[in-house]
Amino acid sequence: MRSQNAGVWAGLVILIFGVLMFVQSLSYQYSSKLGPGPGMFPLWLSGILIVFSFFYIIRSIRKERITFAEILPKGKDSKQLLKVLTALVGFILIVSFIGFIMTGIIFLFILLSGEYRWYINLLISIGVTILLFWVFHGLLSVPLPVNNFGF
């Protein structure tokens, strides 16, 4: 079986992302009466990203032959990656139902499991989540999902 060039695939993903951002930036105004509009920076940055992704794809075809087997984590690291991805998907799925604080505590507890004793892990999870909620919701007035109890 022919090995896949991971650099080419990564370049294609970045290229697609850049094209999508470029198309989306066209819906914003490029300039305003005061100077640059909200569409100027996204347009230029996504354009630069597109150009660099082309260079990276060409470089990956010519020089680098990195396979997915070489870059994907193995053993304990793959389990850690799976734990992070599972916790992240779980966070996204339940945050709107049980609120930011409860979901954040669960998320951090899962991520820190195995690194600290359970009670230290729980204290860190509670403290960091409440601190983040206070900073973003209280100080910066960022609307975060809350449950029926207001947290």
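Begin by selecting Phe-100 and Phe-133, both of which are buried in this predicted model. With the two side chains displayed, the ring centres are found 6.3 Å apart and the planes at 25°, and because planes under 30 degrees apart count as stacked, this pair is stacked. Colouring by secondary structure then places Phe-100 in helix H5 (residues 100-112) and Phe-133 in helix H6 (residues 118-139), so the pair ties together parts that are 33 residues apart in sequence.

Now move to helix H1 (residues 6-25) and helix H2 (residues 40-62), whose axes come within 8 Å and cross at roughly 160°. That angle makes H1 roughly antiparallel to H2, and the crossing of the two helices is left-handed. To see the contact itself, show the side chains on both helices: among the residues of H1 that take part are Val-8, Leu-12, Leu-15, Phe-22 and Ser-25, and H2 contributes residues including Pro-42, Leu-49, Ser-53, Phe-54 and Ile-61. Taken as a whole, the residues of this contact divide into 16 nonpolar and 8 polar, with no charged residue.

Finally, select Gly-35, which is found in strand S2 (residues 35-36). Is Gly-35 buried or partly exposed? With a relative accessible area of 23%, Gly-35 is partly exposed.

Key:
Residues numbered from 1 in each chain as written. Predicted model: local features only at pLDDT ≥ 70, side-chain atom pairs only at ≥ 80, totals over all residues. Heavy atoms only, no water. Phe/Tyr/Trp six-rings, centres within 6.5 Å; stacked < 30°, edge-to-face > 60°. Helix = DSSP H or I, 4+ residues; strand = E, 2+ residues; numbered from the N terminus. Buried < 20%, exposed > 50% of the residue type's maximum accessible area, 1.4 Å probe, protein only. Axes fitted to C-alpha atoms, helices over the stretch in contact; angles between N-to-C directions. Parallel < 35°, antiparallel > 145°, perpendicular 65-115°, else oblique. Left-handed = near helix turned anticlockwise from the far one by under 90°. Contact = heavy atoms within 4.5 Å. Nonpolar A, V, L, I, M, F, W, Y, C, P; charged D, E, K, R; others polar.
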